[in-house]
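Here are my notes on this model, as numbered points. Please read them with the structure open.

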Amino acid sequence: MEEALLPSGSTPADSRRQDGVESTVLGRRERAIAGGDRYQKAAAMVDQADDGVGLPVEVLKQPNFEHCAKLYFWFIWLNPIWALNLTILLLLNFFEVPLWCREDFPNPCGDPEKFYLGGLPYLTRTESLILEVTCVVILAVHTFFPIAFNGNKLFWDTRLDNIKVLLLVLLAGDTIFNLVYVAPWGPIEHLPFRLGPYIRVLIVVVNLRGLRDCVKTLAGILGDFLDIAALLLLFLLFSSWLAFILFEDTIQGKTLFKTYGDTLYQMSILYTTSNNPDVWLPAYKQSRFSAIFFVIYILFGVYFVANLVLSVVYDSFKGQLAKLLVEAENARQEVLSAAFDLLDDQGRGYLDKQQCGKLFNEIKTYRTLPHIADEDIEAIFYALDDSGDFKINREELADLCNAISLKFDKADEPAYLEKFPRLYHSQKFEALKRFVRSDLFEKIVIGMLLVNLVAVIIETTLDIQNSTSQKSWQYVEFALGWLYVVEMVLKVVVYGFNNYWRSAQNRFDFVITVTIVVAETLTYTLPNKINFFANEEWIRYLLIARLLRLTRLLVLMERYQVMVSTFLKLIPSLMPYLGITFCIMCFFCTLGVQAFGGIIYDGNPRLPGSAIEENDYMVKNFNDFPSGMVVLFDLLITGNWHIWMDGFQEVTGKWWTQFYFWSFYVLAVLFLFNLVVAFVLEAFFAEMEMHSTAKESEVASDGDSSDDEQKLQGNGRVSRDPRDPRNKVKR
């Protein structure tokens with residue numbers, strides 16, 4: 001197996017970041033950078049370099065960076081507002097009235113049953129306009145706020161900021177046109193096209209770093225993809241020409257392969273296996289030997305050409321991933337260099353023993369470093385001094401930071417109850433902490449989950465049978481829900497909320513537990529007053545979701561550790577790629593609603609006899625945004641996708657309709673889907689390599705560890721990471 005580039009299934013942006021670091025560590029770093037001494041600031045920079053999250057390097061290099069840092073942290077504190085604003089901009093497409101709708105409310109698009117609408121409520125045009133104007137104003141503040149801490153010159157010299165400003169101007173201009181259209185005194189009576197929905201998607205992409213990295217990856221892979229796509233096109237052209245010649249005078253040629261264009265069209269769809277075996281049934285009925293051609297074509301196309309496309313995308317993806325990792329490492333080194341310059345206030349180009357000792361003591365705020373005595377600091381200092389000149393230069397300091405980040409876990413933040421030491425360190429509370437942190441507590445929780453599993457199975461079975469005993473088991477589940485609340489409260493009290501929230505497992509447990517308990521309580525106490533909670537089915541789905549916590553049992557089994565670990569780490573890391581897929585779907589859905597909106601309805605004379613009507617696909621259309629997204633999802637999984645392509649071409653009577661569907665297939669299925677598969681493969685290979693290397697490292701470390709490494713580790717919690725080539729301390 002060749003060496004994997006992706007560290008344990010993570011993206012470059014979070015390859016050195018642990019769960020929840022961004023949300024919990026900024027508070028400590030903010031206090032250190034904004035009001036600490038230079039050693040506290042340097043330690044905060046070292047921690048920032050390890051996480052990859054924090055002040056931009058340009059801000060760190062400014063002479064008044066303390067003031068700029070305060071403004072930057074104000075900007076970060078407003079992140080929930082910025083995120084909510086971007087979410088509203090993106091979701092506004094789902095609730096806007098489509099442009100083709102010209103009727104009055106409450107049914108601006110006419111009879112919902114006649115036009116097969118998606119079912120979501122529409123905002124009035126005035127409400128949409130007010131919401132969009134508000135979002136544009138907030139977006140303007142979000143876009144220009146960085147001038148306060150980056151400076152005017154740096155802001156306008158940054159290409160990303162210029163792109164954000166351009167998109168903001170375009171969105172504002174489109175909003176003005178919409179205002180003129182909505183206003184009763186406006187001269188515009190009909191607006192067939194709007195640029196705003198497309199701009200909203202682009203604004204979301206450029207403002208989220210994970211999506212931007214995906215776009216960089218896509219752009220880097222595009223050249224290699226076009227090369228293999230050209231080879232695929234040649235394969236389709238040649239195979240279609242061969243099929244056209246072979247079946248020219250047969251039933252197949254007279255029905256489906258009438259012209260070379262028809263043959264190319266049908267053979268291209270056959271490559272996706274969407275119309276298999278229907279497309280070659282006429283030839284097979286006439287001659288059983290015709291199956292040889294189609295079987296060879298499908299085998300060669302699906303098992304060779306399709307996998308060749310995947311191989312090219314995967315290889316190109318690894319190259320782009322390596323570039324992103326290099327960029328992330330360069331940014332890390334820049335932050336470490338800024339920390340060195342801060343400590344080297346006299347410009348000597350090196351640090352002495354006293355400076356290193358003070359830095360070690362401050363780094364303990366962020367890492368689980370043990371207490372280091374003065375004589376140990378001197379030994380460490382000499383061990384790090386590669387040149388033997390009794391000075392620690394910039395490169396040697398970087399080696400130290402690398403060793404610390406790889407050897408020691410993130411330090412926990414103090415729990416809230418530590419403000420009351422008499423309570424927190426009392427004998428009874430110490431016993432409680434030992435119990436919550438023990439394996440016995442974990443086994444009790446797992447036992448509760450197993451009981452919950454049995455209760456859900458029995459309650460669901462009784463519900464299907466309409467048995468009156470169902471209620472008693474619902475009360476059992478209700479009681480178990482409150483036991484989970486007790487478990488959650490105990491963990492928060494013992495560990496502290498920020499430390500508890502770092503774990504993705506804990507965040508999942510928290511959301512599910514709180515949602516279920518609140519929903520069940522309202523269902524049983526106010527069953528008839530809140531209609532939303534009258535339906536207990538969705539609560540059962542949440543109860544089943546809670547049982548996903550049983551996956552922790554698989555982690556205890558060695559044979560499943562790699563698979564489960566890869567799956568759990570893959571979910572958050574895969575989100576940017578799924579996010580960019582969702583954005584592309586929004587982009588195409590907007591185009592589909594503007595191009596095909598309102599043409600699928602009862603009474604359309606073009607609809608009878610079309611592929612959409614014959615397959616009863618009228619309910620899946622582009623009459624509004626929710627319906628269009630459902631259609632695009634079906635196209636994404638290539639389930640009978642040619643039926644929509646044929647049907648919409650028949651209803652519209654426009655030949656260019658095919659380009660819409662083929663372009664979505666090439667971009668979203670052939671390109672993006674292969675990229676997602678490449679990401680999953682790389683993540684799995686990285687996890688397998690890490691797992692095997694960790695075993696070898698554990699065996700080797702039992703009898704072979706260096707003296708200076710032992711002094712660095714002491715009694716602290718060690719976290720060896722064999723994935724990183726920097727996993728060593730220079731001597």
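**Notes on the model**

1. Glutamine 252 is buried, at a relative accessible area of 0%. Buried here means under 20% relative accessible area, exposed means over 50%, and partly exposed lies in between (1.4 Å probe, protein chains only). Glutamine 252 sits in helix H14 (residues 251–255). Helices are DSSP runs of H or I with at least four residues, numbered from the N terminus. Leaving out residues up to four places away in sequence, glutamine 252 touches Phe247, Phe257, Val279, Trp280, Pro282, Ala283 and Phe294. Contact means heavy atoms within 4.5 Å.

2. A word on the basis. This is a predicted model, so local features need pLDDT of at least 70 and side-chain atom pairs count only at pLDDT 80 or more, while totals for chains, interfaces and linings use all residues. Residues are numbered from 1 along each chain as its sequence is written, and side-chain values use heavy atoms, with hydrogens and water left out.

3. How many disulfides are there? The count is one, where a disulfide is a pair of cysteine sulfur atoms within 2.5 Å. The link joins cysteine 101 and cysteine 109, with the sulfur atoms 1.9 Å apart. The link of these two cysteines is right-handed, with 95° about the S-S bond. Cysteine 101 is buried at 1% relative accessibility. Cysteine 109 is buried too, at 3%.

4. Now two other cysteines. Cysteine 583 is buried at 5% relative accessibility. Cysteine 68 is buried as well, at 2%.

5. Check the cis peptide bonds. One runs from phenylalanine 105 to proline 106, with omega near 15°. Proline 106 is in the loop between helix H6 (79–95) and helix H7 (112–115). Another cis bond joins asparagine 276 and proline 277, with omega about 0°. Proline 277 lies in the loop between helix H15 (260–271) and helix H16 (281–286). Most peptide bonds are trans, and most residues other than glycine have a negative phi.

6. Check the positive phi values as well. Threonine 273 has phi near 60°, and is not a glycine. Threonine 273 is in the loop between H15 and H16, and is partly exposed at 37% relative accessibility. Aspartate 616, also not a glycine, has a positive phi of about 60°. The loop between helix H30 (611–614) and helix H31 (625–636) holds aspartate 616. Aspartate 616 is exposed, with a relative accessible area of 57%.

7. Last, the cavities. There are five of 30 Å³ or more. A cavity is a set of points on a 1 Å grid over the protein atoms alone where a 1.4 Å probe fits but cannot get out; lining residues have an atom within 4 Å of a point. Points are joined across faces, edges and corners, and volume is the space filled by probe spheres set on them. The largest cavity has a volume of about 300 Å³. Its lining has 18 residues, with Glu96, Val97, Pro98, Leu99 and Arg194 nearest the centre. Helix H8 (125–144), helix H11 (159–182) and helix H29 (558–596) are the elements that give two or more residues to this lining. Domain 1 (55–207) and domain 4 (568–675) each supply at least three; the domain bounds come from an automatic or database assignment.

Methods:
On a 1 Å grid over the protein atoms alone, a cavity is a set of points where a 1.4 Å probe fits but cannot get out, and a pocket is an open set with protein on both sides within 12 Å along at least five of seven lines; lining residues have an atom within 4 Å of a point.
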